[in-house]
Amino acid sequence: MTAPLKHSDPITVNVGLGDRAYDIVIGRNVLPSLGARIAALRPGVRTAVVTDKTVARHWLKATEDSLAAAGVPTSHIAVEEGEGSKSYAGLETVSEALVAAKIERNDLVIALGGGVVGDLAGFAASILRRGVDFVQVPTSLLAQVDSSVGGKTGINSPQGKNLIGAFHQPVLVVADTAVLDTLSPRQFRAGYAEVAKYGVLGDAAFFIWLETNHADIMRGGSAREHAIATSCRAKAGVVSRDERENGERALLNLGHTFGHALEAVTGFSDRLYHGEGVSIGMVLAAEFSAQLGMIAADDAARVERHLIDAGLPTRLQDIAGFTQEGLADADRLMALMAQDKKVKRGKLTFILLEAIGQAVIANDVDPATVRDFLHRKLNG
């Protein structure tokens with residue numbers, strides 16, 4: 001944990017899923033190798049790039065140039081940036097464009113973008129002609145360390161986040177850390193919440209390393225590649241052991257039960273980025289765990305302190321206008337959490353903490369206890 005990668009050393013992390021195993025290639029300036037990697041993986045393939053309009057301005061030409069240099073035919077589809085595209089309407093737009101582009105079962109869809117594009121393009125690929133393979137080219141920190149790995153694809157429902165989707169593993173992930181230089185500071189910090197999550201839930205040594213090195217990660221130093229690779233190794237290990245989230249993989253949802261409800265109540269808008277919701281959700285999970293006597297209050301405070309040091313929101317009151325617009329309602333948040341994917345036969349499941357680096361799955365959490373906890377937090 002004390003020897004970060006050099007910028008010049010790309011690293012490959014394998015996601016071990018038998019005959020569906022795939023590589024995550026991580027490094028600075030690896031995007032130009034995309035075409036050659038695809039040509040070697042699938043000779044003679046045709047591709048369609050799904051991206052958003054902001055990413056397209058920065059990285060579509062470089063992606064198309066790489067594909068052209070390797071003799072890989074391609075077309076592209078650009079959707080609007082943001083969670084609004086991860087919808088039934090967005091899915092229809094992308095799916096019909098892929099059909100019009102004559103993408104066949106032996107071709108590839110390329111998701112060039114952040115978590116929204118990856119989820120949307122991956123889900124469209126999963127249902128196109130009953131299943132077309134796809135490649136993830138994540139362009140946000142959040143996507144590089146989380147959403148591009150593991151095969152979760154989908155769209156949002158008006159009733160909750162990611163409620164419509166499918167498990168559909170990519171055949172390759174190419175994570176170029178240089179593309180992160182074009183992110184706004186807020187976007188990068190939001191992605192960092194998912195990096196910190198891996199330390200909080202299962203790797204205390206990594207969390208300690210992050211406490212020391214988070215500033216270098218933010219600046220784009222060599223710690224950035226190390227943090228991304230460590231996060232990907234952690235997720236790859238979990239996915240290889242529990243692909244369909246029947247057990248251990250649920251731990252990766254630390255902070256998400258609270259966070260997804262907060263995203264829904266703020267309309268899946270840029271008022272609250274996904275990673276910001278996860279940051280607040282992790283702090284709520286830590287504090288709720290402390291209330292239940294599962295984790296020391298000092299450790300819960302340490303989690304919050306690190307996220308604050310990284311520039312992330314940690315309190316419900318940090319969400320702009322949250323308490324002034326009638327959104328601060330414990331019952332409303334409870335109703336949204338009742339739609340969480342981890343709910344089983346109507347019973348809430350939370351990911352809670354016994355220590356930093358030791359998350360547990362808590363089944364059948366008492367809703368009244370959660371409601372009282374939220375009420376107190378909403379009232380400062």
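Guide: Welcome! A helix here is a DSSP run of H or I with at least four residues, and helices are numbered from the N terminus. The model you see is predicted.

Visitor: Thanks! In which helix is the place of S289?
Guide: Let's begin with how enclosed S289 is: its relative accessibility is 0%, and under 20% counts as buried, so S289 is buried. Setting aside neighbours within four places in sequence, S289 touches M294, I295, L352 and L353. As for its place, S289 belongs to residues 274-291, which form helix α10.

Visitor: How many of the 18 residues of α10 are buried?
Guide: Helix α10 is largely enclosed by the rest of the structure, and that conclusion comes from counting its buried residues. Of the 18 residues, the number buried is 16.

Visitor: Which residue just after α10 takes a positive phi?
Guide: Look just past the end of helix α10. There, a phi of about 80 degrees is taken by G293.

Visitor: Is the crossing of α10 and α13 right-handed or left-handed?
Guide: The residues that meet are L284, E287, F288 and Q291 from α10, with T369, V370, F373, R376 and K377 from α13. By class, this contact has 4 nonpolar, 2 polar and 3 charged residues. Where α10 passes α13, the crossing is right-handed.

Visitor: Let's move to another helix. How many of the 18 residues of α6 are buried?
Guide: Helix α6 covers residues 185-202; at 1.5 Å a residue it should span 26 Å, and its end C-alpha atoms, 27 Å apart, agree with that. This helix is largely enclosed by the rest of the structure, a conclusion drawn from its buried residues. Their number is 13.

Visitor: Which residues in α6 meet α8?
Guide: The axes of α6 and α8 come within 9 Å and cross at roughly 50 degrees, and the two helices are therefore oblique to each other. The crossing is left-handed. On the α8 side the contact involves R224, A227, S231, A234 and K235, and on the α6 side it involves F188, V195 and Y198.

Visitor: How far apart are the axes of α7 and α8?
Guide: Helix α7 spans residues 204-219 and helix α8 spans residues 223-241, and they pack at an angle of about 135 degrees. That angle makes α7 oblique to α8, and their crossing is left-handed. The distance between the axes is 8 Å.

Visitor: How many charged residues has the contact of α7 with α8?
Guide: From α7 come F206, W209, N213, D216, I217, M218 and R219, and from α8 come A223, R224, H226, A227, T230 and S231. By class, 6 are nonpolar and 4 are polar. The number of charged residues is 3.

Visitor: How far apart in space are D146 and C232?
Guide: D146 is in helix α5 (residues 141-147), and with 10% relative accessibility it counts as buried. Its contacts beyond four places in sequence are E194, K197, Y198 and K235. Although D146 and C232 are 86 residues apart in sequence, their C-alpha atoms are separated by 7.3 Å.

Visitor: In which strand does L172 lie?
Guide: L172 counts as buried, its relative accessibility being 7%. Among its contacts beyond four places in sequence are Y22, V25, I38 and F134. L172 lies within residues 172-176, which form strand β9.

Visitor: Where is E245 found?
Guide: E245 has a positive phi of about 60 degrees although it is not a glycine. N162, in strand β8, is also a residue other than glycine with a positive phi, near 60 degrees. E245 is found in the loop between α8 and α9.

Terms used
Residues numbered from 1 in each chain as written. Predicted model: local features only at pLDDT ≥ 70, side-chain atom pairs only at ≥ 80, totals over all residues. Heavy atoms only, no water. Expected span 1.5 Å × (residues − 1). Buried < 20%, exposed > 50% of the residue type's maximum accessible area, 1.4 Å probe, protein only. Axes fitted to C-alpha atoms, helices over the stretch in contact; angles between N-to-C directions. Parallel < 35°, antiparallel > 145°, perpendicular 65-115°, else oblique. Left-handed = near helix turned anticlockwise from the far one by under 90°. Contact = heavy atoms within 4.5 Å. Nonpolar A, V, L, I, M, F, W, Y, C, P; charged D, E, K, R; others polar.
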